[in-house]
Every structure is written in C-alpha cells, then in structure tokens.
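Open the model in your viewer and keep the selection panel at hand.

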Amino acid sequence: QDEEKWDFVLVSDIHEVGSEKEIKRKKFLDELSKKGFTIKKIEDKKLFYGVRAPKQIFWKYQWLLRNPDSRLQCSDVPHDVPVTTRIRIVSFILKNTTTPDLEKFHHLMKQKVFEAAFPLHEKEEVREFLKEKWARWRDIFCQQPIEKIRCYFGEKVALYFAWLGWYTCLLGIAAVAGLVVFVAGITVFSSSQVSKEICEATDTIMCPLCDQKCPFWRLSDTCTYAKAGTPLPRTASRRRVTHMIDNEGTVLFAMFMAIWATVFLELWKRQRATVVTNWDLFRWDEEEEELAMELINNLQHEPRQYQHSYFRSTIVLLLVLLMIAVLIGIAHALVIYRVVATALFTQCDFELLREQANTVAVMTGAVLHYITIVVMTKVRSEVPWALLPSLEKPRTFSQRESNFTMKIFTFQFFTNFSSLIYIAFFLGRINGHPGNYVRVAGKWRLEECHPSGCITDLFIQMAIIMLLKQTISNVMEYLIPWIAYKVRKKQQRPKKRRMMLGEEEEAEDPCKRQWLSNYQLNEVNVFSLFDEFLEMVIQYSFTTIFVAAFPLAPLLAFFNNLFEIRLDAIKMMRLHRRMVPRKANDIGIWLQVLEAIGILAVIGNGLVIAITSDFIPLQVYKYTYSPCATANSTGVDCSMGYINHSLSVFRIQDFESHTKPGLAPTGVCCRYRDYRNSDDYSYTAQFWHIFAARLAFLILFEHVALCVKLIAAWYVPDVPQSVKNQFLDRKHSDLRKELRWVMPRGCQG
C-alpha cells in the first residue's frame, strides 16, 4: 500500500518526441531521479507523473531540526513524518531543483513544459472526517476541528480557521451591542424634540436642492409625507434613518468598538499562544527550517544574503503612490457621477424619480462603487506580481508574502474606502452655499448635505456595499469554482471512457482515477489563502472604521462569517486541489494590519462623530444657545429651537442668474443648512464655536480611546501564564537531565 502513496503529481501535455519541451521535461525528471525520487508515469489525455521522495530526505530534515514531527499524533503510518511535512518538503525540492540548463520548475511552467503540480487529496481517515463533519452547510453552528484541519492542511490553514472562528465568536458580542444601539435609536426617534420641530416647521421655507425645476419646499413636508404614507421626498425617509444612528448611543458604541477591537486582538494573541504551544511551535524559526530544506535539496547551497536598496524602495514607493492616486481618481469619478446623476434625475419627467433624485443618485453610486471594487479586485492581481520579484528581491518566502500583503491591502483599502472617506468628511462641506455654489466643469453644482445630515449618505453607502459583498460576492465565490469543476469533470469523462476501452490494462491502474479526479479540481497557488485573509480583513475594516455610521455592520459580518467558514471549507475539501501545507506559528503580518486598522478605527469613528454627525452641533446648542443655557428652564427640552438655529437665511434675489428654481413662495427668503450671516453670507460666531468644539471632541475622543486601548492591551497579557509555566517546567526538566549526565563524570574524575 505504501508503494501506491505519492507525494506530488506533475501534469504535462503530450509533446512530440524529440521536441524542445519533451527534452526539458526529461532533464527535469532525470534530476529528480538523481535525488532518489521514485517516478511513475500514467498517460491519458495528458501525461501524469507521480513523484515520491526517498525516506532519507525526511531523516535529514528531522536530524537537522531535531523536529518533533515524528512524535505527532497525526503522523500517517507507515511514514515517520506527517503527510503535511512530506508534501511541504517535496514541494520545496520540486521548486528548487535546477536542470543542466539552469532552469527551475517555475521556468518550465512558464514555457508550458509542465501544466500543473499538486499534492493529492487522498482517501484517508482525516479527509473523510473533515468532509463529513466540517465541510458541510449543516455544520454551520458546530465547533471547528482545528487539530484535524492542521493534520490535513498544515498549520497555516489551521491558524486561519482558528482566527476566523475566534473573530466570529467575539463578533457576536459586537453584533448584539450594535443591534441594541440601533433599536435604541429607533426608540429615541419616536420622542425626539428635533423631529417634533421638523413636523411643526410649517412656515420654514427651504431653498431648492438643485438648479433646475426643483421647487422651494417646506421643512414640515418631510413629516407630513411620512405620516400620510405617500411617496416620501428625499428628506423624509432619511430623517428617520438619521435619528436611528445619529444619537448619544452612537458615541458610546464607537468607544465600545475601539475597546472591542483591542480586546479581540489581545485575546487572539493568547489563544494563538496556547494553540501553537500545544503544537510545539511557539519558538519555531521559519528561517532555520528554510535553510535546512535548502541544504537537504543541495548540500553545496549558499544562503541568499539580505538585500536592501534605497533606489528600488523609492521606485516601489512611487509606484504605490501612483496606484493610490489612480484609486483616488476613481473615487472622484464616482463623485462626479453622483453630481451629474442628481442633476439629471431632478430634471426627469417621472415625478417619483425627480423627488427621490438625491437618494437614487446615492444608491446607484453605491452600486457603482461595488462594481468598481469587483473590477479593481481583478485588476490588482496583475500589478504586484511583476513588482515583487524584480524590484524588492525578498530573501525568504515570508518576506515576499509580507511585501505582497502590504501592497495588496493598501490597494484594496483605498478601493473600498476612498469613496466612503469623501462621503464621510467632504460631502456637503466643500459645496459652497446658495448664490455661490462650487460647480463641476462650471455647470453641475456639488452635492450638499440635507438638513437630515450627511451621516445618512454614509449609512446607505455602507449598507449597500456590505450587503452586496456578502451576498453576490459570496455566491459567486462558490458558484464560479463549482461550475468550473463541473465543466472540467464533464469534459474529462468521455475521453477517460475511450481510454478505458482502448487500453484496458492502463485503465485498471488504481492511481489513474485518483490523479484524474484531483486534476479536474480547481487550481490553487501559494497565495490562495491570502485571498481569504484579505477578504476577512477588509470586512474587519468595514466593521470597525465607520461603525459609528453603521451600527449594524458587526451583525451583518457575524452572519456572513458563519457561512464564510463553511464556504471556505467546502471549497478546500471538495472544489479545489489540495493546498501545499505550510508551517506557521502565527497569522504573519496580518496581525500588524489588524492592529493598524484598530488605530484607524479610533481616528475614523472620532472624525465621523465630530464632523459627519450632528452630535457636536446639537451639544453646542444645548449648552450655549438653548433656553437651558440662557435661563432657568427646568423641565424644558434643551434641544428646543435647534432646527431653526441650525438653518441660515438666504435672499431669493441673490440666486445666480442662470439657475431656474421653482415658483418662489410668499416672502423673499429661504433657509439652508449652514451657519452664515444673512447679509454677507460669512460664517457666524456659532460656526467657529462648533468648529472649536468638533476639534476639541476629536482630540479628547481619540486620546481617551487610545489610552483605553493601551490599558486593555496591558491588562490582557499576550501569553497566558499557563504557557509561560509550561516553558519554565520544560527548561527546568531539560537542565536537570543535563546535570544528571554531568554528575557521575565529575565523581569519576
């Protein structure tokens, strides 16, 4: 049975005898034979070569590293090292075997000498257990068998699923808190003094919201439409949403999420320390293992030295900045779309579309933003591959992976968040005012914040993007590999049957069916797991950075992750070829990325509350300008009069000559959202009071949140005491054994 176990399978087209590709293939296989590899050939539509490494290679590995693998329970009898270790070593040797022409395996792959190389999904006990107990939708609420995952896919994949499970578990706490804040916001709305004032503002005439055909409107219309059940103008539904998310509970929730992010990472560090200690990998040295495998492959190998070039680093930095500039340009294009779409919708003959012009522009802009994310995700995979090898020249695979991770995450972060950053911090603040609007190409005026607040636009944008990413993207993530697998399987079936009829002896080979079925699965590469990590880290960014504007983000992420775990499991076990297992004792540079996101979350939420939200203007009014501040008004709501105080006055005759607003109402003035004088439209003293309060709150919030994060990080140790004591006992035991060997010799002397 051992003779039929193969470490790797190489696949090649059937080349003409004596052709250049056939000669190169033979040279590479000859080099493997010189190293003691056993090679088996099976011919079908393609050529399949099964390779098995000699046991001496694994003995050298164990001897060099004094590796505990031989003691592991998941060792696959009769091998004395785990299957995952065998595959990893063989994969390394395959990639680093050099032909007499100084060509390695990746060169031969580029030249189409070989088409594929992969380890096999074998019918072993661990695999059958994972297929039945883990990679099924019905097990969505079951605990993951991390040890079994490790024994089949290696430590890196096991750590990914351990991290994802831990993240999802703690996300449940944040989801409950966000839901409570959201429900509390709905309750607050029903008794809001601000909403009451809007409903009673029958004499407040608002300025038109566009240049052409938009009418003057009464502020109270938003309440009247909502109560009548007729189609709402764009203010009505937004006013409801605004009070759900823009209230005092939002500030507390933003602070809670800053603490949650820190506690989550600190608890993960403890969990990771416990897990890798049980695996005997806490102090494992990746560089030492890589050097050992290089020597096993070639005893004359000289280690590649660390290199750094300021010139190459400068080029890489400039290219990254160029990439960011392109993404910011795309965000500007989305802004222009919203501006132009709003102008066109307001001139539409369809009444409902005209009334909801701004809301429709926001929602279609969000969908367009999602499409941009999907397109740029496809584009980004082509950029870093060319940059990393030629410019940075990393010494180890870990360095290469870290460099790749930072660039791709930066790319994806700006792709996902550049438009959100504009909506959160610039929308409605750079558009000017009636009579002096800032315009695109001198024609279309920039969007302005509605009296309900710009935080609603941010809420809509985040809700649409998260819902689309967690529905359409996940469905496509499963359907595309599933369809590809079914198509390849169907294409292979008839040809396999013809082979079986024509060559009966070869058809009876027990390996043939297994190799063909593995070949039909979808291809994986060394960065396949990277895409899964990236997807979750971007989701973590959505869950934390702008959570003050979208308290339901943790809830959506929680339900998504329940399915994501099983989706990834099904893909790995049933739809994809087996990944080359990689040893690891942490999640790598992703931990630093998550910590950076935690800092950005504090800054982002502080800015949302200080700048985007109405929280600060309302507090300034309560304590400086309201009846409570000017007189002894016990029993009076301190927000009384806020709406009237937050609206400036504009003289209708001062409209620009080329604008054509609707019929003017009785009177000569209209109101708009800003803090400006009615004579020269300069900023009022209240504007500067609010500006100072926003700045003070931002500084206070961020310092308090960062201090709480530091205290939480100090309070929760990275490594549990049980792990430290375990290492202490182990050191003590080893020293005692050494001393017992020394004592008898001393006595004899």
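Helices here are DSSP runs (H or I, at least four residues), numbered from the N terminus. The model is predicted: local features need pLDDT of at least 70, side-chain atom pairs pLDDT 80 or more, while totals for chains, interfaces and linings use all residues. Residues are numbered from 1 along each chain, and side-chain values use heavy atoms, without hydrogens and water.

Select Thr377, Lys378, Arg380, Glu477 and Asp531. Of the 41 lining residues, these are the closest to the centre of the second largest pocket. Which helix gives the most to this lining? H18 does, with 11 residues. Now colour H15 (357-380), H17 (397-425), H18 (455-502), H21 (528-544) and H22 (553-575); each gives two or more residues to the lining.

**Stop two: helix H24**

Select residues 615-625. The buried residues are Phe615, Ile616, Pro617, Leu618, Gln619, Val620, Tyr621 and Lys622.

**Stop three: H2 and H3**

Select H2 (residues 55-65) and H3 (residues 83-96). Display Ile57, Phe58 and Tyr61 in H2; they meet Thr85, Arg86, Arg88, Ile89, Val90 and Ile93 in H3.

Terms used
Buried < 20%, exposed > 50% of the residue type's maximum accessible area, 1.4 Å probe, protein only. 1 Å grid on protein atoms, 1.4 Å probe; cavity = no way out; pocket = protein on both sides within 12 Å on 5 of 7 lines; lining within 4 Å. Contact = heavy atoms within 4.5 Å.
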